[in-house]
Amino acid sequence: MADRDQIFTALRQQMRPADHPPAWQTRRRFDDLAERFDAALTAAHGEVLRAGSLDQALEMLGQTLADLGAQRVAINAEPPLDGIDLAGRWPQIQWRVAGQQDDDLRAFCAAADVGITGVDAALAETGSLAVSSGPGRSRLVSLLPPIHIALVPTARLTSDLFTWTAERGRAMPSSLTLISGPSKTADIEQTMAIGVHGPKKLVVILYESNT
């Protein structure tokens, strides 16, 4: 321990204040972030549904769940679904909200038909979703069910990861998942397989909103 203390003492003596460089921002600009995001995610085998409002987005969500025959759905406790009576609106579905029940969330998500999340940001350049986790927001919801549905307001659109980081003005989340389409993997012969290590289908409902 004496040697360890000496090393740390020497390092502390060499510490100097330093200014960090500003966050880098891309020079790329897109005339229409929604169109770019739609095209990029579609090219990555994702599906984008466009809605003019949250009410329309919820109608699309209900129709999508019906088309999928979803019976067990896991969601994160976050906007826009956190203020909605899910059982009252879709009583045919068994819902599980992350952080609000005592049963095994992992087991429920593993057997669920769909997982639904919001997003921290939608990156137009790559068609990626930035989804953070924490209390009431579990990675299991977006990663374990075979189908992931994300509800994305247009206010969360930004050009790319670097611009979003610079615009945040605060520390990045300690746990952040970047999702660019359904799970994809390839073997040594570059044969693409979808859904092997995560959701086989990603549906984004992109709706007009200022918040």
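**View 1. Eleven lining residues, listed by name, surround the largest pocket of this predicted model**. The lining is made up of Asp120, Ala121, Arg137, Ala155, Arg156, Leu157, Thr158, Trp164, Glu167, Arg168 and Arg170. Here a pocket is an open set of points on a 1 Å grid over the protein atoms alone, with protein on both sides within 12 Å along at least five of seven lines, and lining residues have an atom within 4 Å of a point. The volume of the largest pocket is about 210 Å³, taken as the space filled by probe spheres set on the points, with grid points joined across faces, edges and corners; the probe is 1.4 Å. By residue type, the lining splits into six charged, four nonpolar and one polar (charged: Asp, Glu, Lys and Arg; nonpolar: Ala, Val, Leu, Ile, Met, Phe, Trp, Tyr, Cys and Pro; polar: the others, Gly among them). Strand S8 (157-158) and helix H7 (161-168) each contribute at least two lining residues, and H7 gives the largest share, three residues. Helices (H or I, at least four residues) and strands (E, at least two) are DSSP runs, numbered from the N terminus.

**View 2. Four strands make an open sheet of mixed pairing**. Their order is S8-S5-S6-S9, with S8 and S9 (176-179) as the edge strands, each pairing on one side only. Two strands count as paired if DSSP finds at least two bridges between them. Strand S6 (residues 128-132) and S9 run antiparallel and are joined by four bridges; look for Val131, whose bridge partner in S9 is Thr177.

**View 3. The largest nonpolar core holds 22 residues**. Such a core is a set of buried Ala, Val, Leu, Ile, Met, Phe, Trp, Tyr and Cys residues joined through side-chain atoms within 4.5 Å; buried means under 20% relative accessible area, exposed over 50%, and partly exposed in between (1.4 Å probe, protein chains only). Leu61, Leu65, Val73, Trp95, Ile116 and Ile149 touch the most other members. Elements giving two or more residues to this core include strands S2 (72-75), S3 (94-97) and S4 (114-117), while helix H3 (54-68) supplies the largest share, four residues. A second, separate core has 17 residues, among them Phe30, Leu41, Val48 and Val204.

**View 4. Ile116 and its contacts**. Leaving out residues up to four places away in sequence, Ile116 touches Leu61, Leu65, Val73, Ala74, Ile75, Asn76, Leu81, Trp95, Val141, Ile149 and Leu151. Contact means heavy atoms within 4.5 Å.

**View 5. Asp38 sits in helix H2 (residues 33-43)**. Asp38 counts as buried because its relative accessibility is 17%. Not counting residues up to four places away in sequence, Asp38 touches Val48 and Arg50.

**View 6. Lys201 belongs to strand S12**. With 30% relative accessibility, Lys201 counts as partly exposed. Beyond its neighbours within four places in sequence, Lys201 is in contact with Glu47, Leu68, Pro146, Ile147, His148 and Pro182. Ser183 is 18 residues from Lys201 in sequence, and the two are 7.9 Å apart in space, C-alpha to C-alpha.

**Notes for all views.** Residues are numbered from 1 along each chain as its sequence is written, and side-chain values use heavy atoms, leaving out hydrogens and water. In this predicted model, local features need pLDDT of at least 70 and side-chain atom pairs count only at pLDDT 80 or more, whereas totals for chains, interfaces and linings use all residues.
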